[in-house]
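Here is a short note on charged side chains, for you to read beside the model. Please follow each point on the structure itself.

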Amino acid sequence: MSESKKSKLIERLSHFLLRGPEDRGQLFELLKSSYEKNLMDADSLSMIEGVLQVSEMQVRDVMIPRSQMDVIDISHSPEKFIPFIIATAHSRFPVIEDDKNDVIGILLAKDLLKYYAGDDFEIRDMLRPAIFIPESKRLNVLLKEFRSSRNHIAIVVDEYGGVSGMVTIEDVLEQIVGEIEDEFDFDETEDNIIQDKNGRYRVKASTEIEDFNEFFKVTFSNEEFSTIGGLIIHAFGHLPKRDEKITFQGFKITVLRADSRKLYSILLEIDTPGNNV
């Protein structure tokens, strides 16, 4: 074989062996291989995978459904809705007139300082414009729009123009970096089960069923699921979202933390007659 032919053969063979990934599946395999070879840590791998997944996801995949939206009714007085704002601890609230299909603006919790300062307060004057987006909008496009417009919340509408939910910049970022911590988060050094001052329990979803059984003196089976989170997801029949509730085997359960991929923690109360979560 001539030297020129050998050179071309080696060139073609090298290109075959060193070529980059040809599709998303190969790219994920390459990233996992890099992690296994200690070229990146687990957090970096998870974040890169999140970035890639965001480009394929739509708003409908992460939005908060209309039924779970925390909203303020324009007809209510500040004395009525301010305790609700304090209890939910959000920074922004959709404001409705008549029903959740009629969102007339966004109220920032910080704007209530004018009310406490004793200034003339008219909620309509405090409202910021509501941004409406379709369910089909890609998350990477929405994130770019959030950044350019400095908006942090958008109202999601269906094909008929009705409100189907809402989405925040936090919902989008959590697909990349994972669950963003909030006031319900555990410190990593804390126990998996913590009782609050009201007698309820905050429980990490990763708590082993065996440990859960020992703490609450129950006998849940760990043959199908090893963690309490797996058992709760099975009871819901789907991956629940924050604030979803269920009564299960003598316990009233409220989801504290969850994203579109994982359940993190629950609020649990022993179910007794006349007792409500």
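1. A salt bridge here is a side-chain nitrogen of Lys or Arg within 4 Å of a carboxyl oxygen of Asp or Glu. The model is predicted: local features need pLDDT of at least 70, side-chain atom pairs count only at pLDDT 80 or more, and totals for chains, interfaces and linings use all residues. Residues are numbered from 1 along each chain as its sequence is written, and side-chain values use heavy atoms, leaving out hydrogens and water.

2. The whole structure holds four salt bridges. One of them joins Glu135 to Arg60, with the closest N and O atoms 3.5 Å apart. Glu135 sits in the loop between strand S5 (132-134) and helix H7 (139-149), and Arg60 in the loop between helix H3 (42-54) and strand S1 (64-65), so the pair ties together parts 75 residues apart in sequence. Helices (H or I, at least four residues) and strands (E, at least two) are DSSP runs, numbered from the N terminus.

3. Is Glu135 buried or exposed? Glu135 counts as buried, at 17% relative accessibility. Arg60 is partly exposed, at 39%. Buried means under 20% relative accessible area, exposed over 50%, and partly exposed in between (1.4 Å probe, protein chains only).

4. Asp111 pairs with Arg128 in a salt bridge, the closest N and O atoms being 3.2 Å apart. This pair links distant parts of the chain, 17 residues apart. Asp111 is buried, at 10%, and Arg128 is partly exposed, at 36%.

5. Glu145 forms a salt bridge with Lys137, with the closest N and O atoms 3.1 Å apart. Glu145 is partly exposed, at 34%. Lys137 counts as buried, at 17%.
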